[in-house]
Amino acid sequence: MSRLPLAMLGAAALIMILGCAVLAYTVTDYLDSPLAISSTAGLPVFQSSDGSLVSYDTFQPGVGPSLITTGSLLMFASLFLLAVLWRGRRVSDR
Amino acid sequence: MSDERDFDPRFDPAFQRGYVAGNGTAPTQNPAGQGSEPTPQWTNPPQALDARARPDAPAMDAPASPAAPAAHPTPEPAVTLDGNPWVRVLWVIAPVFIIGGVVGQTWSQSRFMGGVTSSASDVLTSYVTPTIAQSICPWMILTGLAALVGVVFLHAVRWRRAE
């Protein structure tokens, strides 16, 4: 009876790991693509490690946070179902 | 005058088809009682008849005991939450998600409101990470609150009065 919640828990873990991977890839790809500074672009300007000024486009997290959020909600649902379906000790066994 | 009709011995003949009151009708199970009063076996009160009509009623041929307890269905023993590992996990993730979400949301807002400083790591810590936190932390708070409500609901449902 608890196979479905356990499968949900495993799916939640996989979705969260996938979301973290997608988010890490998105951040790495974003940081690897600096733009030349411009006084008319309206973009924030940062100083890189070598002292040069660089600009970055608006950061869009993509689907990574959505996957992490979905995984956390699924994890909560599976944990709640596991807690409800858990049959450990009965009151008469005290 | 004898009557060959069969009456169901479990019930009072007065409530069965073919019974005529006062003409000496007697059931076949009591041939010696012709012309006599019906035996007390059939003069049961309506409560006893109703009790016998129920399928879950106890057997009526059992000796009646005034101290016998009433027939109540035995309740299913409740399952306690003591030792439930999943409830412990819910108790852990609920405050972690709530506090982590609130702290992350507050931190991201303070980073955005503080302005952009000039250092090499600020791209990540002052812009990228707060953006990610602002997209995840509200859902963390909601999930933590749902976990808190769920685990409190479980405790309320499984609560038993201390004996």
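A crossing of two helices is called right-handed if the near helix is turned clockwise from the far one by less than a right angle, and left-handed if the turn is anticlockwise. In this predicted model, the crossing of α1(A) and α3(B) is right-handed. The helix α3 of chain B spans residues 122-157, and its axis comes within 12 Å of the axis of α1(A), with a crossing angle of roughly 145°. On the side of α1(A), the contact is formed by A:Leu23, A:Val27, A:Tyr30 and A:Leu31, which meet B:Val123, B:Leu124, B:Val128 and B:Ile132 of α3(B). By class, this contact has eight nonpolar residues, with no polar and no charged ones.

The two chains also meet beyond this pair of elements. In total, 30 residues of chain A are in contact with 32 residues of chain B. Two or more residues on the side of chain A that touches chain B come from each of α1 (3-31), β1 (45-47) and α2 (64-85) of chain A. The most is given by α2(A), with eleven residues. By class, the side of chain A that touches chain B has 20 nonpolar, seven polar and three charged residues.

Chain A itself has two helices and two strands, which follow the pattern α-β-β-α along the sequence. Of its 94 residues, 26% count as buried. Among the contacts in chain A with a separation of 6 or more, 62% are between residues 24 or more positions apart.

Technical notes:
Residues are numbered from 1 along each chain as its sequence is written. Chains are lettered from A and ligands numbered from 1 in the order in which they are written. This is a predicted model: local features need pLDDT of at least 70, side-chain atom pairs count only at pLDDT 80 or more; totals for chains, interfaces and linings use all residues. Two residues are in contact if their C-beta atoms, placed from the backbone, lie within 7 Å. Helices (H or I, at least four residues) and strands (E, at least two) are DSSP runs, numbered from the N terminus. Ala, Val, Leu, Ile, Met, Phe, Trp, Tyr, Cys and Pro count as nonpolar, Asp, Glu, Lys and Arg as charged, and the others, Gly among them, as polar. A residue is buried if 20 or more other C-beta atoms lie within 10 Å of its own, exposed if 12 or fewer, and partly exposed in between; C-beta atoms are placed from the backbone. Axes are lines fitted to C-alpha atoms, for helices over the stretch in contact, and angles run from 0 to 180 degrees between N-to-C directions.
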